[in-house]
Amino acid sequence: MNTEILGVVLQWVCLVVLCYPLGRYIAKVYKGERTWSDFMAPAERWVYRICGIDPNVDMNWKQFLKALLAVNLFWFLWGMILLVCQGWLPLNPDGNAGQTASQAFNTCISFMANCNLQHYSGETGLSYFTQLYVIMLFQFITAACGMAAMAGIMNALKGKTTKAIGNFWVFMTKSVTRVLMPLALLVGILLIINGTPMSFDGKQTLRTLEGNEQVISQGPAAAIIPIKQLGTNGGGYFGVNSSHPLENPNAFTNMLECWAILIIPMAMVFALGFYLRRKKLAWCIFGVMLFAYTAGIVISVSQEMGGSRQIEAMGIAQDMGSMEGKEVRIGSAASAMWGMTTTVTSNGSVNSMHDSQTPLSGMMQMLNMQINCWFGGVGVGWMNYFSFLIIAVFISGLMVGRTPEFLGKKVEAREMKIATLVVLLHPFVILVGTALSSWLAVYDPELASAWLNNPSFHGLSEMLYEYTSSAANNGSGFEGLTDNTDFWNISTGIVLILSRYFPIVGQVAIAGLLAEKKYIPESAGTLKTDTGTFSLMTFVVIFIVAALSFFPALALGPIADYLTI
Amino acid sequence: MKKDINHSLFNAGLIKESLYESFRKLDPGKMIKNPIMFTVEIVTAVMLALLVYIVVSGDESQGSLAYNFIVFVVLFATLLFANFAEAIAEARGRAQADSLRKTREETPAKRIDRNGQVRVVSSSELCQGDVFECVAGDTVAADGEIIEGLASIDESAITGESAPVIREAGGDKSSVTGGTKVLSDRILVKVTARPGESFLDKMIAMVEGASRQKTPNEIALTILLSGFTLVFVIVCVTLKPFADYVGANITIAAFISLFVCLIPTTIGGLLSAIGIAGMDRALRANVITKSGKAVETAGDIDTLLLDKTGTITIGNRKATKFWALNGCEVQKFVRLCVLSSIADETPEGKSIVELGREKNVLIGSADKDGAKMIRFTAETKCSGVDMPDGRRIRKGAFEAIRKLVETAGNVFSPEVEKIVRKISQNGGTPLVVCENERVVGVIELQDIIKTGIRERFERLRKMGVKTVMVTGDNPLTAKYIAEKAGVDDFIAEAKPEDKMEYIRREQQAGKLVAMMGDGTNDAPALAQADVGVAMNSGTQAAKEAGNMVDLDNDPTKLIEIVEIGKQLLMTRGTLTTFSIANDVAKYFAIVPALFIASIPSLQVLNIMHLHSPESAILSTVIFNAVIIPLLIPLALRGVTYKPIGASALLRRNLFIYGLGGIVAPFVGIKLIDMIISVFF
């Protein structure tokens with residue numbers, strides 16, 4: 001028991017300690033300062049030359065967004081073609097067929113959106129070729145996209161008065177070459193050492209101890225898993241994600257993979273501090289996020305380790321905690337920790353079945369995704385926090401008797417309109433989606449029984465979780481839901497597109513608009529955003545606006561579930 | 001006039017008028033301007049329809065008729081309360097404006113026709129450009145500019161100041177305001193604004209709400225609040241299928257109550273009242289603002305340009321010391337000084353005579369006989385007297401006298417320079433005196449710094465406002481006074497262009513600048529400044545250029561204006577926080593009440609232990625409604641501004657209105673529930 005808690009604490013410490021230097025390094029990379037990774041520069045120049053990019057062009061926010069959306073569209077089409085045609089392409093030793101158009105559409109959208117809501121199983125649904133040149137490639141690209149967007153915002157907030165917010169292509173390329181690649185390489189090597197396969201051979205047939213024959217899938221898993229974690233992608237190589245013994249062989253790899261989920265999102269907060277030379281602001285934001293993350297861990301770990309009251313009542317010992325849906329080699333505490341880590345970010349990889357966790361853990365997982373800015377996805381998580389920051393700045397600015405300003409720029413009606421819409425979108429898509437499916441389930445009980453393993457409160461939780469996960473671009477699921485139907489494919493697909501691109505466009509636009517404004521020097525009357533009071537204010541705004549709007553839904557889902565079982 | 005309204009926030013007449021107005025404001029066409037309260041109106045209409053349905057069909061599956069009726073009444077009251085808040089703010093503004101307007105009702109005007117004939121017409125017939133005559137005892141019929149003559153005028157009707165002021169043609173004191181009274185002499189006035197279109201009339205219209213436009217901050221806040229409202233529309237609408245799915249039955253009244261309680265009705269209902277009250281407070285301080293935006297901008301001011309004279313120092317300088325040159329007998333020197341000033345009507349001249357009297361130097365009328373007074377001219381820059389015995393006594397600025405002395409071929413003693421520097425370093429102004437083009441000594445004039453001004457500047461500094469003193473003095477004197485008064489910066493030997501230049505420079509650095517001025521040459525700077533306050537006594541050009549007019553002609557008014565602006569923003573911010581913080585308790589009151597009937601185990605969430613689902617819902621909507629009128633006084637008076645630095649201010653307001661906003665409804669709802677539970 002205590003060892004398990006120690007493991008959780010150790011992991012927490014490793015994250016907090018290492019994110020600070022990584023943040024400093026990332027800031028240096030985006031600033032174009034000298035770093036140890038400068039040996040990548042020739043490779044980057046080569047990329048620019050091939051793609052016809054002029055790395056010296058400074059874009060305004062509209063050009064920046066155009067580039068971002070264009071690159072996404074291009075890779076989307078690329079992915080569609082490869083997935084449909086994968087049956088005829090090389091590196092397909094298992095002879096898996098091409099995906100249908102609708103399935104390919106869903107796969108492409110969900111991987112482009114950094115969500116990785118997988119409605120297929122990696123072992124049968126993809127070839128090695130598409131695993132590498134669609135899945136892995138997208139996992140790099142979408143993570144880099146998010147990071148580049150944040151770099152653009154940081155650049156916009158740094159300038160005194162400027163129209164230019166930086167070059168999207170440069171930010172994106174550097175995110176891959178200087179941050180994602182080196183880290184993925186390191187994690188990949190460690191995984192291979194611990195037994196994760198990295199080969200292009202087909203399935204292996206083994207004779208088990210019982211004498212049965214078992215077919216084991218393998219492939220270039222160690223190449224994909226690191227970026228799946230680091231880029232907050234979460235789409236596993238194998239169908240059951242990191243609970244698969246080849247994807248996550250032992251306690252060390254479990255810790256490593258869990259660390260990899262959160263390290264970049266955490267580091268991005270400090271990158272902001274170093275980039276803007278506002279370390280105190282970074283510490284304040286980090287403090288709020290870390291507090292919320294840690295509170296979630298404490299609740300979830302204690303719930304999972306505590307086990308189930310019903311089983312307790314039956315007189316069955318639960319020394320290991322609630323073990324339903326969990327791997328024995330990982331244990332309940334590490335599973336709970338992973339559950340929190342994967343939902344505060346937009347990762348969505350799992351090492352246990354979230355559907356089987358205790359109701360309050362499930363609720364915390366949903367809350368994390370419903371708030372979607374406690375560290376969040378790489379780059380985009382902080383950007384979501386930024387939207388709330390703008391709202392908090394606005395209200396607190398008024399409270400001290402001044403037109404609100406953030407980092408020396410006035411926050412006015414246009415920015416408020418965008419920030420409000422961005423913040424509004426999240427509860428909108430989640431609640432409307434869940435309402436739609438609930439409504440269908442009520443009026444067509446047959447549909448309900450086809451979709452859901454569980455009726456009533458837990459059934460509602462399963463639907464709520466699915467939309468929450470899609471809207472947060474998370475990709476994990478309460479797998480009790482049979483989600484590979486037209487309804488779920490299409491509705492979650494729409495949610496995915498809206499929740500990925502709409503906020504990015506909005507947040508970059510806010511930063512771009514702020515950048516164009518006149519810089520106002522700080523005075524004694526200026527609201528300071530790097531204080532404990534303001535951090536508390538931001539937390540309260542997020543809690544009341546984001547969390548409490550889900551309170552009625554959660555009361556009928558996990559809370560009722562918890563109180564009635 | 002200033003005081004009598006301050007005392008009664010509400011008086012019977014105003015309340016009656018406002019109550020009537022609150023019903024008139026229910027017109028959906030008017031309500032739609034306030035999106036939050038408009039949604040309340042819609043759901044109230046739905047409740048009404050439900051009531052009709054229950055009465056007609058007798059179907060009580062949606063709760064009893066009495067229960068639904070109470071919910072409807074409370075919602076309707078919420079609407080009325082919000083309208084009442086706006087109405088009373090408007091009524092108070094109107095009352096204030098009316099008392100100003102009384103002074104400008106129909107007055108006869110003696111219009112001078114083109115052929116020079118005087119015809120008595122009504123003031124309302126005057127057009128811009130018309131000329132009318134006023135003699136002692138007449139009331140000035142319209143705002144205008146004196147084109148001929150000089151008169152003493154009683155402006156107490158506008159400013160409340162009883163001492164009459166002198167207004168004369170030409171220069172910076174040529175403007176007269178309609179409604180003031182001419183006490184002596186005769187003036188010809190050219191009408192500059194048609195009656196009904198003067199600043200005051202524009203202001204009155206603004207306070208009355210007819211032409212009030214939302215300010216930028218108000219628009220941004222409305223967007224945010226509408227966003228919140230939309231979130232709660234979604235939360236409540238989607239709850240229906242959720243509840244259906246898990247088999248919980250929720251009545252329409254419960255849905256509507258949840259919605260109305262969650263949306264920010266408190267701030268939504270008070271928002272426009274706060275804005276009107278802000279302009280009203282400015283008017284109460286006798287400042288006419290051309291727009292609500294100007295008041296709001298005043299709260300953001302970073303730099304304040306203040307004229308030294310009248311603002312920092314008491315009007316005029318006073319002679320404080322006679323410095324006789326070596327070789328000149330003191331008593332004789334003092335006598336010369338007094339002689340030179342005997343016919344000098346300027347305050348400086350008078351103070352020299354006074355100081356001489358203290359030194360026992362008295363000049364009889366005999367001495368004055370035959371003496372020829374030399375007036376100050378811009379050319380000579382000195383004044384004095386030519387005595388019958390041929391002595392020429394002159395006093396003037398250092399440079400002017402030096403020129404005079406050196407032209408006459410006399411030696412200018414270096415000792416004079418020494419004294420002059422000494423005086424300047426002490427913040428004094430030297431006035432060199434010479435007799436027959438030979439310097440005999442120097443008179444020291446000192447500025448008297450107003451008492452309490454240092455503390456006011458300290459207060460401004462804590463607000464984050466930089467104060468800049470503008471003066472025509474030399475840099476040495478300016479520096480001394482600046483330090484003594486505690487201003488942050490100064491512009492010495494200031495010309496109107498310097499002011500302009502300074503304002504531009506500050507604005508380029510991203511700062512907002514406020515200034516006050518009265519002269520025509522101030523007009524460009526007044527227009528350039530973000531907040532330009534023109535004195536009512538100033539020229540028409542100055543008044544047109546600025547965005548506020550101070551009726552009291554009080555230069556320290558700027559400080560008050562900044563505070564009014566800050567108060568306006570703060571009141572909005574704190575009430576928004578309060579309103580949103582209220583939601584925490586409301587969730588815990590209503591959400592359990594919605595589901596307890598179908599899911600009894602959710603009783604755990606009923607942390608307030610409210611009596612029954614019905615009483616919980618009723619007490620929450622009642623609290624939600626009642627809080628609006630309870631906060632009206634705060635909205636009208638404004639949250640008190642304390643210059644304690646932004647972070648401390650945030651902490652303080654967050655504690656009072658944030659924490660208070662979370663706790664108050666827990667207490668309030670529980671209390672109301674205890675009362676209701678007696679009946680239900």
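Trainee: Which residue just after α10(B) takes a positive phi?

Mentor: In this predicted model, B:N286 is that residue, with a positive phi of about 65 degrees just after α10(B).

Trainee: How do you know that the end-to-end distance of α10(B) agrees with its number of residues?

Mentor: The helix spans residues 265-284 of chain B, and at 1.5 Å a residue its 20 residues should span 28 Å; because the end C-alpha atoms are 28 Å apart, the two values agree.

Trainee: Where is the kink in α10(B) centred?

Mentor: The kink, of about 40 degrees, is centred on B:L271, the bend being the angle between axes fitted to the seven residues ending there and the seven starting there.

Trainee: What makes α10(B) mostly covered?

Mentor: A residue is buried if 20 or more other C-beta atoms lie within 10 Å of its own, and 19 of the 20 residues of α10(B) are buried, so the helix is called mostly covered.

Trainee: Why are β11 and β12 of chain B called edge strands?

Mentor: In the open sheet of six strands, the order is β11-β16-β15-β14-β13-β12 with antiparallel pairing; β11 (318-324) and β12 (372-374) each pair on one side only, and are therefore the edge strands.

Trainee: How do you know that β12(B) and β13(B) pair?

Mentor: Pairing requires at least two bridges between two strands, and three bridges join β12(B) to β13(B), residues 382-386, so these antiparallel strands do pair; among the partners, B:M373 has B:V385 in β13(B) as its bridge partner.

How values were computed
Residues are numbered from 1 along each chain as its sequence is written. Chains are lettered from A and ligands numbered from 1 in the order in which they are written. This is a predicted model: local features need pLDDT of at least 70, side-chain atom pairs count only at pLDDT 80 or more; totals for chains, interfaces and linings use all residues. Helices (H or I, at least four residues) and strands (E, at least two) are DSSP runs, numbered from the N terminus. The expected span of a helix is 1.5 Å times one less than its number of residues. A residue is buried if 20 or more other C-beta atoms lie within 10 Å of its own, exposed if 12 or fewer, and partly exposed in between; C-beta atoms are placed from the backbone.
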